[in-house]
Every structure is written in structure tokens, then in C-alpha cells.
Amino acid sequence: MVSLLSSSVLLRRNPLILKLPPYLSFLCIVIGVAWLLVLPLDNYSRRTYISENALLPGQVHTYFAGSDQNVFRGYKREVDALEGSGNIEVNDKLEEFFKASGLKVARQSYEYKSAGETYAGENIYAILHAPRGDATEAIVLVGAWRNMEGKLNRSGVALILTLARYFKRWSLWSKDIIFLVTADSKAGPQAWVDAYHDTHQSDKVDSLPLKSGALQGAVVIDYPFDHRFQDIHIVYDGINGQLPNLDLLNTVVSISGHMGIGTSLQQMWQHSDSYRDRLQTMLRGMLNQGLGHASGPHSSFIPYHVDAITLQPFGEGWQDEMAMGRVIESTFRSLNNLLEHLHQSFFFYLLMQADRFVSIGTYLPSAMLVAVNFTIMAIFLWVKSGSPSGMSSKVASTVQAGEKKTPLAIVKEGDGKALVPEAITAVRERELFLPLAVVAGSQFLGVLPLYIFNHTPEAMLHPIFTAFASINGFFPLILSALLTHYFAPTAHHYTLIKTFSLLLLGLFLSSLATLNFSLAFLVGLLSAPLTYIQPLPTRPIVKGVLAVLLSALSPTTVLVAGCWWWELGIGSVLKEAAFGWDVWGMTTQVVVWCVWWPAWLVGMVLLLGNPREEKVEGAGNTINTVKA
């Protein structure tokens, strides 16, 4: 019993066990990445299916054809004639068309200010009241006057006008249908959906004079050309990584398939169903989800639990505008069948192609494993920080003549007792003030770039970012020098600084993974080297190399590299981010500047640190009694 008790106590300081957490941390990262890479395989992904039986996609006969094509061509000529007109003039003409179809029409003005620019316009919408409904539910058909690229949505707006006239003739609708034409694809949809739910700022956005019931779904048409198309590109990414119910996508894919029209996702115009194409589609989806920006007018609806997608015809084929209209007609007929809001299918998923996906239960462990590696190292460092310095493992019987004896302690557990070195049971007092101040200070420093880049005029964004990136290069060196000069932290302090920093990083990322999996995974992967950073005062060359490598993984460097790779201007990216903050409610910047950047800053301070030596005080030949 005594030997077992002694072994259990000595096991706490076993060097093999104390060396295990770093390897376990690395294993978590490797398994997390490998987990993600196997998802496109058939054994780990599933084919899509319709969960809501009431949708009955493709089970109705569509009648949008024949003379409606002549109506479409007439509206299209009218839209082409308005190409150079102002917003008010365009809406005057659209109002005439909607009223001629027998619909109630209303307008809404809005004005946003972001990055020193003003985004103003006027939305126009018409409501078709359901002959068989009681105005408690509605479906929205959206067509922005100009799409996300600024192109005139000539065929899209003409198709909305044609469908409004066509839908009015039918008496089968049980839900109201709202036809919305916004001035642009960014501010207009957000202003309208905010006002519809009475969450708008009254000084910037007008209230809606006409409303219907709860919105059950929204479909956006982005059709800027006038030639025939081949397939339909479905855009489904929402703000802050939110996604529409998977049943809505499956419905459109099923309907398009019944009509002989192919579908694609994430700008994968040619998909061969190979592992490479599946992986590329999934990674593109993760990147869009991680960025958290609006990918189309539909993105503004998703935060209000309104399932929405954008349909973009593309390619050169034999499908015409009538085929596109029939897809929309059949989709609205399916949504018209719903007895309740879409809820049975998935809201968290990754799509490999139009008919293959993985659900949250399958992909979430990959991000959690990357996040938990920080927590494992934080716990390990916390235990290590409590170990007394200068600990000796020799017992009294092994001490040589003339050598100072090791203090002993009697460990009791139940009826058993054991005599072990006192250092085995001792716990070092942790000095928490300085480590907590450093970590908390770095977290608060993240508020500065968050505020600066969200409140700077567009013309100054690029120069200010250049200045910030330059300062960011040597700021950790200055901070580390000030820390060493005024506080002279020991290795014990640096261990606790790293402990608290990794603990916060693991906490934030594991929580974020359930809300925005892609952002948590990307930030966790880019922050993975921070797990193994430590002061290297006696190895300047290695320290310099690691500092360069760690600087290459800073948020500013990653932003510059991303802009270079996708051939984007840094100013335009920061302008879009500021617009997302002011208008869309995008929170990606909070994660970048208040989670990722502080963790990187602390990691650089640790690497450049120069801990002072600690004095180890001797102990007398005493025997203490402790309980195990």
C-alpha cells in the first residue's frame, strides 16, 4: 500500500507524463486537418434529400411559357430604355408596371453612411395578396436593379415584372407574394428587410407603408445578360456564416434537375464529381462563410430566419428566360405548400456539390480539435507553473555524504502513509498580476484597430493600414523591451502569460466553432504555431527566424497576402468590411482584431522575451505531513 501510494504521488511529476501534452496538442491539430480533408469522400459525406415532405418539388406542371415570353421581351425593352435613368425615374416606371398588373405598390427611401461615403436609394415593392390566404405569411421575389458587380440586372427585373403579371392570374396562392426591386444589391435589401421587421434606424431608413405576414422564404434573381444560358449558379452564403435551410437549396436543385437544367455552387462552373472538385467546392464555401460578408441580396434575409438564396444563370446554352421563369414558378409553388416554416432539414452544413453535403455533427470535430489543442497546452502550462523551481527527485537514502539533504514529507491517503520528497507535493505560489495584466491589455488593444478601420474614410483606409502594418511589425519588440525593462518578468511569468492567452484563444474558438465553423477553423489553424512559442534568449538566430515566420501569420500579413492572391485592393476590402460593420452587422472584424490579433501579439512578446533568472531558496531538513 505504501509503495503504491508513493508511486501515485511520484507519478504527478513523471517527466514522461509532463512531456505528453505538447505531442497531444500537435496530434489534435493533425487529426483536425485530416478530419476535414476526408470529408469529401463518399464514406463521410451524404447525398442531399428533402426533409420537408410538403414541398413536393417538381410535382406540379408549370405554365409559364407561350405569350408570357412576348410580355417578357416588352418589359425587357422598357428596362433597357431606363438603363441610364436615375433611381426615382426608374421607380416611377416600375410603379406603373406593377399597378397595371393590379398590385399594391409602395416605396421606401434609405440612406447609410460608411467609410465616409453615403449609400442612398429608394426601394420599390408590390404585394400580391393571396386569394386563399389571410395575409399571415409571405414569400419574397427579389431583383436588385444592379447586382453585386454593379451590372444592370436587365433580364432579372424584366422577369420579376413578367412573373408579377403572371402570378396575378392564378388563384392557387395561399401565401402573399412580395415583388421587391431594390436600388442596389448591398444597402437596399438590408434597408427593406430591417424595416419589414421594425429593426431599422428611423433617421436613416423609412418605415414600410405596406406589409404582409411573416416571411417564409426569399428568392433573388441575378440575370444581367440577355442571351441563353446553360446552368444555374446558386448563391447561399449569409452574413456571419449563417446559411439558409438546406431544404430550400435541395428544392431548387431538384426542380432544375427535373427541367434538365444543371446547378453549380461556389463558382465551380465545371464539376467532375472528383475528390479534388468536391474539396475545392467545400473550401470555397468555408472561405465565404469565414469572411462573413454578404454574397448577394439574399444574405440580408438570413439573419431574420428567412431562408433565402440567389439564382444566377450562367454559361452559353439553350435555356432561355422562360426556363428560368419556370424554375422560379415551381419553387414558389413548393414554398406555397408549406404549412410551417422550414425547420426539418439542416441549418449547419458544408456542401461538396449541389447534391452532396456533410452536416455539423460530421465536420464540427475538426474545428473543435484545432481549438482544444490550445486548451490542452494551457492546462499543461498551468500545472507546470505550479511546480517548484529547482525540484530534486532524490530521497534521503540516496543523498551522498556532504550533500545537502532533501526535505521530506509524509503523504497520507486513508490508512496508508508514504515518505516522499517535499518538492513532489509542493505547489508554487503563482504570481498572477503581471500575466493577467499583459493578456488583458492585449485584448483591450484589439479595440483600437477595430475602431480605426471601421470609422476611417475610404481615402485614408489604405495609408492608415500601411502605417498600422508597419507599426505592427516592431510593436511587439517595443512591448517586450518595455516589459523586460520595467517589470523584469521571470520564466514563471512568461509561462503564465502563455497559459492565459492560450486559454482565452481555445475558449473563444471552441465557442465560435458552433456559430461560424469556418472562421473558427481558419483562425485556429493560422494560430496553431502559438502553441509552441516560448522565450529563446540564448538562441538569437532561431528567435529571428521564428519571429519572421510568426510575422508572416499575423492578421495584417494574411490580409495583404489575400488581397494580392485575389487581386483586390486593400482599401476596397477594408471599405467592404466597414460597410459590413455599419450596415450588415458583420462581426468578422471582432474575431480578427479582438481574438486573433491579441493572441498573435502575446505570442510575439513571448518569443522576444528575455526572462530573468530566478533564485532557488534552500530548505531545511524538515518532515511535513500532507494528505494526498
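Predicted model: local features only at pLDDT ≥ 70, side-chain atom pairs only at ≥ 80, totals over all residues.

Student: Let's begin with the whole chain. What percentage of its 628 residues count as buried?

Tutor: The protein chain is built from 21 helices and 14 strands. Among its contacts with a separation of 6 or more, residues 24 or more positions apart account for 82%. As for burial in the 628 residues, the percentage is 51%.

Student: Which residues of helix 17 are buried?

Tutor: Helix 17 spans residues 517–527, and eight of its eleven residues are buried, so this helix is largely enclosed by the rest of the structure. Its buried residues pack against helix 3, helix 9, strand 10, helix 11, helix 16 and helix 21. The buried ones are Phe517, Ser518, Leu519, Ala520, Phe521, Val523, Gly524 and Ser527.

Student: Two of those neighbours are helix 11 and helix 16. Are helix 11 and helix 16 roughly parallel or antiparallel?

Tutor: Two packed helices are described by the angle between their axes and the distance between the axes. Here the axes of helix 11 and helix 16 come within 8 Å and cross at roughly 155 degrees. The crossing is left-handed. Angles over 145 degrees count as roughly antiparallel, which makes helix 11, relative to helix 16, roughly antiparallel.

Student: Strand 10 was among the partners of helix 17 too. In what order do the strands of its open sheet come?

Tutor: Strand 10 pairs with strand 11 in the antiparallel sense over four bridges, and a hairpin of two residues joins them. Strand 11 also pairs with strand 1, again antiparallel, over two bridges. Strand 1 and strand 10 are the edge strands, each pairing on one side only. The three strands therefore form an open sheet in the order 1-11-10.

Student: Is strand 10, as an edge strand, largely enclosed or left open?

Tutor: Being an edge strand concerns pairing, and strand 10 pairs on one side only. Burial is counted residue by residue, and five of the five residues of strand 10 are buried. That is why strand 10 is largely enclosed.

Student: Which residue stands opposite Arg356 of strand 11?

Tutor: Arg356 is buried, with a relative accessible area of 9%. Not counting residues up to four places away in sequence, Arg356 touches Asp42, Ser45, Arg46, Arg47, Thr48, Arg278, Leu350 and Leu351. Leu351 has its own opposite number in strand 11, Phe357. The residue opposite Arg356 is Arg47.

Student: Let's move to helix 7. What covers its buried residues?

Tutor: Helix 7 runs over residues 187–196, and ten of its ten residues are buried. Among them are Trp192, Asp194 and Tyr196. The helix is followed by Asp198, whose phi is positive, near 60 degrees. The cover over helix 7 includes strand 2, strand 3, strand 4, strand 5, strand 6 and helix 20.

Student: How many bridges join strand 4 to strand 6?

Tutor: Strand 4 has five of its six residues buried, so this strand is largely enclosed by the rest of the structure. Strand 4 pairs with strand 5 in the parallel sense over five bridges, and there the bridge partner of Val142 is Leu180. Towards strand 6, Leu141 stands opposite Val219. Strand 4 and strand 6 run parallel, and the bridges joining them number six.

Terms used. Residues numbered from 1 in each chain as written. Heavy atoms only, no water. Buried < 20%, exposed > 50% of the residue type's maximum accessible area, 1.4 Å probe, protein only. Contact = heavy atoms within 4.5 Å. Axes fitted to C-alpha atoms, helices over the stretch in contact; angles between N-to-C directions. Parallel < 35°, antiparallel > 145°, perpendicular 65-115°, else oblique. Left-handed = near helix turned anticlockwise from the far one by under 90°.
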